[in-house]
Amino acid sequence: MIALLCTALLSLTLASSVHSDTNSTASTPVYTAETELGDQNRVFASRGSNITLPCRLHRQHGMSFGRMGMRIKWTKLSADGSLEEDVLVSMGFHKKSYGSFLGRVHLLEADDNDASLLINDVSLDDMGKFSCEVIDGMDDVIHEVTLEVQGVVFPYSPRLGRYNLNFHDAEQACLDQDSVVASFDQLYEAWRSGLDWCNAGWLTDGSVQYPITNPRGACGGVNSGAGLRNYGQRDKSKSRYDVFCFTSALNGHFYWLVQPDKLTFNEAVQACQDDGAEIAKVGQMYAAWKLNGYDRCDSGWLADGSVRYPISRPRRNCSPTEAAVRFVGFPDKKQKLFGVYCFKGQQ
């Protein structure tokens, strides 16, 4: 009898150091499957880092598969578990990776018992549940591994206003802002960290929810208690809500572009390009603010046409009651009233 222990857990933390600009690169430790981890213990991956998903065979009675006769298959499961995406298949000397994992995944192969998967340059799309299957003759052993990425959840609605996104629009809206649709677990952790938002938004499993830390009449009632308000599953094509997005550590440099004059939106886009950068996205501002403590009390254009500013040190006239990314609105793009935040990706 062959037992397969394959355990990988990841977690979500938020750094709080303050910098006037941010240029962030993170590294990830490697964990082996022998590590005994409780359900509440997690390890970390950061966007752009390398991570090993452990999958190790524990043999009994001296039995050995041998690499040449052993088939290893890694797949990634969709949020609701209904679909599988091939990641890597190995049979002896023949190995093949697929899709977005092409060229980024390898088997660790420390010895004949090791089926661990190394993922290079972790992306937001890599988050989720993976399946490790090892087949040898009549033996077929499967275990699942969960990969999460360190980051921040933020609510998002487009220029059209509140409750204008079906699920597919929501996915694109997050993608446009350097993020992905958040999962229930990510929203739950954000709520535990104090996120309070009274507009319902899509999550990656197709449910619609919103987090309340301060119960009040307009947000589920004063007697309903703090927690996640759940509208349940909604029609992904017809139902329209906002969305909760999730983004992670920056692979580049987020900054305020010093300019002598205020800019229209088009001038802001051009100014960033002239500086060898691009106009920053909403997700990049949230990542810089929450994960790196970015703080600036100047309203600036972002790529979606909104105007916002990040405050990590509340003070008079600059979000005096709490640290937050302050939303000014979606002004007329021809107005010369604001500066601009730029983002320069790592080369």
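**Disulfide chat**

Modeller: The link of Cys-174 and Cys-245 is left-handed, with -85 degrees about the S-S bond.

Biologist: What should I know about the model and the numbering?

Modeller: It's a predicted model: local features need pLDDT of at least 70, side-chain atom pairs count only at pLDDT 80 or more, and totals for chains, interfaces and linings use all residues. Residues are numbered from 1 along each chain as its sequence is written, and side-chain values use heavy atoms, with hydrogens and water left out.

Biologist: How many disulfides are there?

Modeller: Five, where a disulfide is a pair of cysteine sulfur atoms within 2.5 Å.

Biologist: Are Cys-272 and Cys-342 buried or exposed?

Modeller: Both Cys-272 and Cys-342 are buried. Buried means under 20% relative accessible area, exposed over 50%, partly exposed in between (1.4 Å probe, protein chains only). Their sulfur atoms sit 2.0 Å apart, and the S-S torsion is about -80 degrees, so that disulfide is left-handed.

Biologist: And what's the S to S distance for Cys-198 and Cys-219?

Modeller: 1.8 Å for Cys-198 and Cys-219. Cys-198 is partly exposed at 23% relative accessible area, while Cys-219 is buried at 3%.

Biologist: What's the pairing in sequence order?

Modeller: Numbering the bonded cysteines of the chain that way gives 1-2, 3-6, 4-5, 7-10, 8-9.
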